[in-house]
Amino acid sequence: MPSQSEPAAPVITGGEPGSFPWRVFHERHPVLLRQVLDGLPYGPEQRRAVERLLAESTGGVIGPLEDGARDAAAWDAWGLGDQLGLRWTDAPFLWAESYFYRRLLAAVGWFGPGPWQGVDPFGPVKAAELGSPAVDEELAALDGLGTLTDAQQDDALLRSALWGNRADLSFRLTGGPASGDPRTGLLCDDGARFWAALRSGPPGRLALIADNAGRELLPDLVLIDRLLSTGRASSAHLYVKPQPYYVSDATTADAVAAAERLLHAPGAAGAVGQRLREALTSGALEIRTHPFLCAPLPFDAMPGDLRAELSSAAMAVVKGDLNYRRLVGDRHWPATTPFADLTAHFPAPVAALRTLKSDVAAGLDAATAARLDATGPGWRTSGRHAVIQVRA
Ligand SMILES: O=P(O)(O)OC[C@H]1O[C@](O)(CO)[C@@H](O)[C@@H]1O
């Protein structure tokens with residue numbers, strides 16, 4: 001974080017019509033909710049509740065949780081009282097977007113009791129993606145890895161985990177990052193620093209804070225396998241969301257499905273799947289979660305138990321755009337604000353693998369920031385650019 005004497009940058013909100021957060025609420029969410037209602041045969045009660053949420057979040061003010069919500073105390077602690085009655089786009093964007101997904105789960109009956117309890121509203125799109133032929137091709141590409149040197153394999157797998165973050169189902173709803181050249185879109189590449197940090201001490205635990213399921217989680221798992229099987233990590237914790245979130249964010253069920261997809265794949269991917277199965281059953285790889293992973297707050301507000309757990313990791317890999325917003329703070333930082341300053345609060349050495357899909361940007365050199373700004377503001381949200389940023 002900037003020093004005590006420097007004022008923090010303004011928090012990002014969607015108050016300005018046409019701004020990126022405003023468009024998420026007014027353009028992206030209507031498409032998303034339509035997709036949810038088309039994806040599962042919800043009855044009239046759930047459909048009406050979803051329509052009410054759409055009307056409230058586009059034209060109304062932030063309303064309360066449903067009566068008897070089991071996480072009411074958590075949301076009180078996360079500041080619900082301060083936001084009630086505000087227009088959704090006037091609340092901090094991070095807060096409002098997270099609360100939107102929480103309210104959507106209630107609308108579709110996820111919390112129960114009832115027949116829709118525990119049914120993932122994004123399940124159909126996640127399953128379609130995981131079963132797609134594109135995934136077969138991506139897994140088959142692992143067969144070619146053996147022709148590369150060890151260092152080239154490391155680099156290829158780190159980059160594939162990075163660019164896997166473009167595979168974000170919420171992003172693709174409205175056009176998404178159809179293209180973008182992985183060779184030219186990398187704005188900051190601390191890859192060498194990542195590998196050096198892992199070499200600098202005895203192998204320790206890797207914490208990977210996952211983002212999306214499916215086509216992002218598969219390369220994340222392959223990277224975890226690489227670090228475990230080459231002895232650069234002694235164990236790994238894979239952090240997933242405790243409930244469906246931001247459309248395609250990975251839950252335990254998604255992690256299991258991705259591991260199964262690898263296990264049943266032919267060739268090198270199947271061998272990765274076999275090793276991961278052994279790592280999961282021996283405890284070398286653990287799937288973990290925490291309620292705070294779906295909290296509407298930046299990571300500097302992390303509770304003590306999660307902070308303590310992460311503080312014993314040798315390296316935390318933080319995946320994706322939303323986790324990046326939480327890591328550095330969802331604020332209008334000058335894009336040249338040092339990554340190390342903004343992540344000093346984080347309890348472990350940290351590597352962010354992120355494609356840029358929202359306004360926040362940090363850690364860029366002045367020439368890069370100026371070059372991009374000269375092209376207009378779209379570079380921050382197009383998904384065509386990415387960063388590998390490390391604070392060791
Ligand atoms: O899946 P990722 O990489 O976290 O991206 C999620 C991003 O998509 C958005 O929800 C927009 O659709 C952003 O506001 C958010 O940060």
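**Entry 1: the two domains**

I looked up the separation of the domains: the C-alpha centres of domain 1 and domain 2 lie 26 Å apart. The model is predicted, and I keep that in mind for each entry. The domain assignment gives 20–119 for domain 1 and 124–391 for domain 2.

I then went to the contact between them. Domain 1 puts 19 residues into this contact, and domain 2 puts in 20. On the side of domain 1 that touches domain 2, I noted the elements that give two or more residues: α1 (20–39) and α5 (93–107). I sorted this side of domain 1 by class and have 14 nonpolar, three polar and two charged residues.

**Entry 2: α1 against α2**

From α1 they are F25, H26, H29, P30, L33, V36 and L37, and from α2 they are R47, V50, L54, S57 and T58. By class I have seven nonpolar, four polar and one charged residues for the contact of α1 with α2.

**Entry 3: the sheet**

I traced an open sheet of seven strands, with mixed pairing. The order I wrote down is β1-β7-β6-β5-β2-β3-β4. β1 (186–189) and β4 (285–288) are the edge strands, each pairing on one side only. On average, neighbouring strands of this sheet are turned by 15° against each other, direction ignored.

β1 pairs with β7 (residues 386–391) over three bridges, in the parallel sense. In β7, V387 is the residue that stands opposite C188.

**Entry 4: α12 against α13**

I repeated the helix check on α12 (residues 252–263) and α13 (residues 267–282). The axes of α12 and α13 are 6 Å apart, and the packing angle is about 135°.

For the contact itself, I found A259, L262 and L263 on α12. On α13 they meet A269, G270, V272, G273, Q274, L276, R277 and L280. The class tally for the contact of α12 with α13 is seven nonpolar, three polar and one charged residues.

Key:
Residues numbered from 1 in each chain as written. Predicted model: local features only at pLDDT ≥ 70, side-chain atom pairs only at ≥ 80, totals over all residues. Domains from an automatic or database assignment. Contact = placed C-beta atoms within 7 Å. Helix = DSSP H or I, 4+ residues; strand = E, 2+ residues; numbered from the N terminus. Nonpolar A, V, L, I, M, F, W, Y, C, P; charged D, E, K, R; others polar. Pairing = 2+ DSSP bridges. Axes fitted to C-alpha atoms, helices over the stretch in contact; angles between N-to-C directions.
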